[in-house]
Amino acid sequence: MIDLYQIFYLIIVLVIAASVAGFAAGLLGVGGGLVMVPALYYAFTVLNFNMETKMHLALGTSLAIIIPTSIMSTKTHMKFNAVDFSLIKSFGIYIVLGVVIGTFFASNLKTANLILFFSLFAFLVGLFFLFLKSKLEATEKNIPTIYKIIIGNFIGFISVPLGIGGGSLSVPFMRLFGYDMRKAIGTSAAIGILIAISGTISMVSSGALFAKVNSPFSFGYFNLAGFLVFVPVTMMMAPLGAKIVHKVSRNLITKIFGIYLIIISFRSFVEYLNIK
């Protein structure tokens, strides 16, 4: 039984996490999933949700929260002409296909394995941003179709078992082809809308059809309570982060992103060891 103090503490933690996630969504083009998933998982742990489905619920709920957050972030980046819609149109279908495959993969992984997967991914991408970003070219190049097919499917696939909007992959991908950091972030925010909508639909459907999710206010792998706490806060913070990205150093943004991912990675790995 949870007392009033625990409920108050839980709400404070979720509001703080939502603020960071929303700000990160605008600043880094990542949708905030790498902050939201651990926060939601913690909340569901405090609420004594079923161990077998609480990580899946955190992923599905995170994807749902990313929908309005990415929309707000994209609208702000559009004001700075920092969204490449032609790129999105040319490989959006491959991203959605990857999301469907990723949902099947995530639905069949146990909670501990999902957490380990999340931790390793965050660590590797964090290292990439800390040590490799400054060496990439700044001249924008045309991206071959075969790369769009392969990377589009991979970004969609990997985003579901991580509960993210794909920015952790799409930003580095665009930077490898010489996209300006700000344009890569803005375009990534728009890609996040595609991933979040298709990912939410597939996780709700998968949880409803193939799993017995008995947690309160849950529909498939989606929790309404977590969604309602996060959405208003993230929607307020995302535009603020998006505005700041156009006023600060690109190298600073890169370092912040890398450090942020590595911290999340270590925290997730500790949780994996605790439940292994």
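Two packed helices are described by the angle and the distance between their axes. The crossing of H4 past H6 is right-handed, meaning that the near helix is turned clockwise from the far one by less than a right angle. Helices are DSSP runs (H or I, at least four residues), numbered from the N terminus.

The model is predicted, with local features needing pLDDT of at least 70 and side-chain atom pairs pLDDT 80 or more, while totals for chains, interfaces and linings use all residues. Residues are numbered from 1 along each chain as its sequence is written, and side-chain values use heavy atoms, without hydrogens and water.

On the H4 side, the residues that meet H6 include Leu87, Phe91, Tyr94, Ile95 and Phe105; among their partners in H6 are Ile149, Gly152, Gly156 and Phe157. Contact means heavy atoms within 4.5 Å. The residues of this contact comprise 10 nonpolar, 6 polar and 1 charged; Gly is counted as polar, and Asp, Glu, Lys and Arg as charged.

Thr61 lies in helix H3 (residues 54-78). Thr61 counts as buried because its relative accessibility is 0%; buried means under 20% relative accessible area, exposed over 50%, and partly exposed in between, with a 1.4 Å probe and protein chains only. The Thr61 side chain reaches the backbone nitrogen of Asn223 at 2.9 Å. Leaving aside residues up to four places away in sequence, Thr61 touches Leu40, Phe44, Tyr221, Phe222, Asn223, Gly226 and Phe227.

Helix H7 (residues 167-176) is largely enclosed by the rest of the structure, because 9 of its 10 residues are buried. Arg175 is one of these buried residues, as are Ser168 and Ser170. After H7 comes Gly178, with a positive phi near 85°.

Most residues other than glycine have a negative phi. Asn81, not a glycine, has a positive phi of about 55°. Asn81 is in the loop between H3 and H4 and counts as exposed because its relative accessibility is 70%. Phe217 also is not a glycine, and its phi is positive, near 60°. Phe217 sits in the loop between helix H8 (181-210) and helix H9 (224-244), and is exposed, with a relative accessible area of 59%.

Notes
Helices (H or I, at least four residues) and strands (E, at least two) are DSSP runs, numbered from the N terminus. A polar contact is a pair of N or O atoms within 3.5 Å; within protein, one must be able to donate a hydrogen and the other to accept it, and residues adjacent in sequence count only if both atoms are side-chain atoms.
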